[in-house]
Amino acid sequence: MTDLREPGRPAPGEARSPGPSVQSLLATDTRQVPPPLLEESYEYLGSEDIGKDRYLSPEFHRREVERLWKKVWQLACREEDIPEPGDYIVYDIADLSMIVVRTRGGEIRAYHNACLHRGTRLCDGTGQAQQLRCPFHGFTWNLDGALTDVPSRWDFPHVEDEKFALPQAKTGVWAGFVFVNPDPDAAPLSAYLGEIEKHFSYFKLEERFKAVHVAKVIACNWKVALEAFIESYHVISTHPQLLEYLGDSNTQYDVYRGADGQPGFNRMITPQAVNSPHLETLEPQDVLEAMFRDFYPEGVGAIHVPEGQAARPVVAEALRLRLAETSGADVSVFSDAEIVDAIEYFVFPNMCPWAGVGAPITYRFRPYGNDPDQCVMDIMLLVPLPPGVPKPKGAAIHWLGVDEDFGAAPELGGLVPVFNQDLSNLPRVQRGLKAMTKPGVTLADYQEVRIRQFHQDLDRYLAD
């Protein structure tokens with residue numbers, strides 16, 4: 001193997017920012033840290049540019065629809081979105097549309113959202129129905145997908161009931177999330193997810209419920225939006241107010257290869273309650289007050305870091321107690337990392353579930369219709385429940401208007417200004433890509449490795 005090092009320089013991908021590593025911080029945690037967080041799994045994946053046409057080209061979008069979205073497992077909803085028989089939610093992506101419904105027997109099914117008579121869309125949005133009836137001519141199916149009624153049946157002697165059952169997509173459930181796959185020959189969801197299931201066996205998102213769901217159409221390609229949320233490199237310019245309590249450049253990036261031809265997954269762990277290495281070292285009390293300013297304002301001036309102690313355990317304990325009070329859940333066993341750090345995983349092709357409880361976020365990104373210049377971004381907050389409390393129905397989707405920013409969704413709390421800063425970048429990226437004369441975008445070896453892994457997995461789906 002060729003040694004790529006020059007004298008005194010690390011090999012590509014080996015350079016790291018000064019400041020405390022994530023693993024050194026986890027070693028000081030006041031609780032037991034879940035074993036997956038103690039792993040490191042970085043791999044240098046190259047430094048070639050990523051062609052810009054994949055963000056702009058209608059032809060590239062059409063290839064994604066045919067070879068990705070029609071073939072891949074993708075997040076449709078949460079189980080608590082459809083808790084009762086007859087509850088349904090429509091999942092749309094590009095021209096694909098599926099009715100995800102709970103049957104009378106409690107099974108979750110996904111039907112292609114088109115009447116087999118003349119193609120009318122059967123359902124929109126969310127709702128409750130004891131049957132699926134076409135609004136145009138009245139062809140009707142039961143919740144198991146069987147044809148039950150054809151008006152003027154005498155005129156359709158050629159319609160055979162068993163051949164007119166609603167076509168289904170495959171469904172699967174993981175960590176409380178409902179997935180669909182239009183490909184009848186797709187591998188099972190568990191095989192597709194691979195080792196990430198072992199990681200999330202420690203985080204138990206299936207025990208949480210969806211308390212908040214905000215969605216917005218954004219003027220950029222879905223990959224542009226996704227990529228903005230799977231690296232912390234942008235914090236120094238986009239979120240400078242976070243630098244006092246967020247170790248942006250000390251983020252740990254991990255990539256995990258898929259097995260048997262399946263895509264891999266990846267994650268980043270961004271430490272909080274420590275200041276960025278871009279700043280001079282701050283006093284622990286200053287770090288605490290900066291973090292509380294944004295996420296626990298009543299704690300500013302009321303909670304103090306003891307002399308000689310770091311801010312991190314004090315912040316974690318204060319937020320742990322606050323979360324217990326506001327949710328009623330038992331969070332005493334959660335590690336400091338799960339309380340304060342940004343622990344974000346990526347499930348190919350478009351889902352980002354966070355493992356911690358302090359910021360219980362899940363993102364989803366998808367094309368908006370067939371316009372490569374627009375996408376839908378979903379933000380969900382999954383919160384823990386008190387012991388023995390039944391899981392309530394998931395929050396309805398709060399759709400933001402074209403001219404609304406995340407300030408119109410106060411349920412996002414202290415995250416609103418952060419999301420608005422991200423939102424300001426995304427249309428600029430899309431417009432800039434069109435103006436850029438260079439044929440591709442350039443990525444960092446370490447801090448943007450998750451983006452590179454995503455594109456390498458995407459290329460495998462799109463290959464001829």
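Student: In this predicted model, which residue meets the side chain of glutamate 107 in a salt bridge?

Tutor: The model is a predicted one. Glutamate 107 has a partner whose side chain comes to 3.3 Å, N to O. That partner is arginine 109.

Student: Is arginine 109 buried or exposed?

Tutor: Buried means under 20% relative accessible area. Glutamate 107, at 41%, counts as partly exposed. Arginine 109 has a relative accessible area of 16%, so this residue is buried.

Student: Which strands hold aspartate 378 and arginine 364?

Tutor: Aspartate 378 and arginine 364 form a salt bridge, with the closest N and O atoms 3.2 Å apart. The two residues lie 14 residues apart in sequence, so the pair ties together separate parts, namely strand β18 (residues 371-383) for aspartate 378 and strand β17 (residues 361-368) for arginine 364.

Student: How many residues apart are glutamate 317 and arginine 31?

Tutor: Their side chains meet in a salt bridge at 3.3 Å, N to O. Glutamate 317 sits in helix α9 (residues 311-327), while arginine 31 is in the loop between α1 (22-26) and β1 (50-51). The pair therefore links distant parts of the chain, and the separation is 286 residues.

Student: Which strands stand at the edges of the seven-stranded open sheet?

Tutor: The order in this antiparallel sheet is β2-β11-β10-β5-β4-β3-β6. An edge strand here has a single partner, so one side is left without a neighbour in the sheet. The edge strands are β2 (74-78) and β6 (126-128).

Key: Residues numbered from 1 in each chain as written. Predicted model: local features only at pLDDT ≥ 70, side-chain atom pairs only at ≥ 80, totals over all residues. Heavy atoms only, no water. Pairing = 2+ DSSP bridges. Helix = DSSP H or I, 4+ residues; strand = E, 2+ residues; numbered from the N terminus. Salt bridge = Lys/Arg side-chain N within 4 Å of Asp/Glu carboxyl O. Buried < 20%, exposed > 50% of the residue type's maximum accessible area, 1.4 Å probe, protein only.
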